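Subject: Structure for your review

Dear colleague,

Please find the structure below, followed by an account of what was found in it. I would be grateful if you would read the two side by side.

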Amino acid sequence: MTTSAAGQPLIPQPPATVTALRQAIAQIAPAALPAFTRELDEAADQSRQGSDLAPLQRFIAQWAVYVHIQRQPSLAKEFRHWEDTAESGDATQARRAAAAIGKILDEAHAELALPPR
């Protein structure tokens with residue numbers, strides 16, 4: 001993974017296009033590429049079947065948020081911490097983690113000018 005200097009993002013936020021997001025993921029989180037490809041195929045199939053672009057729009061928004069988080073090492077670390085905490089089995093901790101994850105996602109949506117999740 002590329003390193004950042006002084007807490008700066010690893011890469012600039014790419015445009016919310018399939019090609020730009022795929023390139024960004026290849027740089028900062030290559031292990032996520034199979035999931036990206038699988039979910040893109042599913043979204044494209046759903047869009048074709050329903051003659052509706054909404055599944056592709058949701059896919060792009062989801063992965064734009066993923067890149068937004070993963071390109072910032074400290075934010076990605078915090079997000080992983082809360083994901084791990086949510087899986088701890090303790091209901092109180094899980095609620096706290098869910099709230100923290102929701103806040104991170106809401107802030108990412110706002111920074112990317114995406115509709116709320």
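A search of the whole structure, which is a predicted model, finds four aromatic pairs. Rings of Phe, Tyr and Trp (its six-membered ring) pair if their centres lie within 6.5 Å; planes under 30 degrees apart count as stacked, over 60 as edge-to-face and the rest as tilted. In one of the pairs, the ring centres of Phe36 and Phe59 are 5.0 Å apart and the planes meet at 55 degrees, so this pair is tilted. Phe36 belongs to helix H2 (residues 33-50) and Phe59 to helix H3 (residues 54-70), so the pair links distant parts of the chain, 23 residues apart. Helices here are DSSP runs (H or I, at least four residues), numbered from the N terminus.

Phe36 also pairs with Trp63: their ring centres are 5.2 Å apart and their planes are at 80 degrees, so the pair is edge-to-face. Because Phe36 lies in helix H2 and Trp63 in helix H3, this pair ties together parts that are 27 residues apart in sequence. Phe36, Phe59, Trp63 and Tyr66 form one aromatic cluster.

The cut-offs are under 20% relative accessible area for buried, over 50% for exposed, and partly exposed in between (1.4 Å probe, protein chains only).

The largest nonpolar core has 16 residues, and those touching the most other members are Leu21, Ile25, Ile28, Phe36, Phe59, Trp63 and Val67. Helices H1 (18-28), H2 and H3 each give two or more residues to this core. Such a core is a set of buried Ala, Val, Leu, Ile, Met, Phe, Trp, Tyr and Cys residues joined through side-chain atoms within 4.5 Å. Another core, of 12 residues, lies apart from it and includes Leu75, Ala100, Leu105 and Ala108.

Ile28 lies in helix H1 and is buried, at 2% relative accessible area. Its C-alpha atom is separated by 6.4 Å from that of Arg71, 43 residues away along the chain.

Residues are numbered from 1 along each chain as its sequence is written, and side-chain values use heavy atoms, leaving out hydrogens and water. As the model is predicted, local features need pLDDT of at least 70 and side-chain atom pairs count only at pLDDT 80 or more, while totals for chains, interfaces and linings use all residues.

Yours sincerely
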